[in-house]
Amino acid sequence: MFRRIAILLLLVGIWATPSLAQTAARCAPYQEQSVATDLEIATRMAASAAAAVGDTETFATWFGTYTDRNAEQVRAVLKQVHAKLLSQRLALTCATKSDQTCQEAFAWVFPASGVIRLCPDYFFLPSMERAHAGEDINLGSREGALIHEISHAVSGTDDDCITWADCRTLARRSPATAILSANSYESFAEDVMLQLMAAAETVAPPM
Ligand SMILES: [Zn+2]
């Protein structure tokens, strides 16, 4: 009997799980809703970015002069980020402005636990859902910020550039550093997504 109850509870637990099983602790309902959509888009972005790695102008913009070895490293990181997003085993927590770590950050990750802390300013970042080519996302997007933080957690990336402008300069000056930089991955994924969205708009103009 006990066993049957335990199994039932387990089943209820599984059924109660939302489509994205990541836990978002201490988030307001509007934040939870945003995070669920952001994670879905970030998953698609990471997959598209991994598939877009090649000897292209976009690769050179964010990771510098193309080499097979660097491309392999970049693809591996993006695949690790994508796998983590697909695993639905991300732990996220919403923080308040009074949290010291949120004074100057959109989000943080604790590498040991892999818990991503979303700061209030995260929710003021634009979503890629509404971004258009040419729109200023110099400081990045919400989905890009998730890719950034996950790359710290799963691939041990560093913070070597912060804005799109910084990261372009870093790629020109030091490809070896750019391929270790979280924001270079974020910017590359955002750039690839913008290009895909622009191409889709060209194919199917709005009525
Ligand atoms: Zn970072």
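This is a predicted model: local features need pLDDT of at least 70, side-chain atom pairs count only at pLDDT 80 or more; totals for chains, interfaces and linings use all residues.
## Helix H4

H4 covers residues 68–87. How far apart are its end C-alpha atoms? They are 28 Å apart. At 1.5 Å a residue, the 20 residues of H4 should span 28 Å, so the two values agree.

Now look at the side chains. Val-74, Val-77, Leu-78, Val-81, His-82, Lys-84 and Leu-85 are buried in H4. Viewed down the helix axis, the buried residues of H4 fall within an arc of 160 degrees, so they line one face of the helix. Exposed residues sit on the other side of H4. They are Asp-68, Arg-69, Glu-72, Leu-86 and Ser-87.

## After the helix: Gln-88

Gln-88 follows H4. It is found in the loop between H4 and strand S2, which covers residues 91–94. Its phi is positive, near 55 degrees, and Gln-88 is not a glycine.

Is Gln-88 buried, exposed or partly exposed? Gln-88 has 15 other C-beta atoms within 10 Å. A residue counts as buried at 20 or more such atoms and as exposed at 12 or fewer, so one in between is partly exposed. Gln-88 is therefore partly exposed.

Past the loop comes S2. Its side chains alternate. Leu-92 and Cys-94 point to one face and are buried.

S2 pairs with S1, and the two strands run parallel. Three bridges join them. Thr-23 stands opposite Ala-91 of S2. S2 also pairs with strand S4, residues 115–118. Again the strands run parallel, with three bridges between them. Which residue of S4 is the bridge partner of Thr-93? The partner is Arg-117.

Strand S1 covers residues 23–25. Helix H2 covers residues 29–51. Arg-26 lies in the loop between them. Its phi is positive, about 55 degrees, although Arg-26 is not a glycine.

How many other C-beta atoms lie within 10 Å of Arg-26? There are 12. A count of 12 or fewer makes a residue exposed. Arg-26 is therefore exposed.

## Recap

H4 has a buried face, with exposed residues on its other side. Gln-88 comes after H4 and has a positive phi. S2 is joined by bridges to S1 and to S4.

Definitions and conventions. Residues are numbered from 1 along each chain as its sequence is written. Helices (H or I, at least four residues) and strands (E, at least two) are DSSP runs, numbered from the N terminus. Two strands pair if DSSP finds at least two bridges between them. The expected span of a helix is 1.5 Å times one less than its number of residues. The arc is that of the directions from the helix axis to the C-beta atoms.
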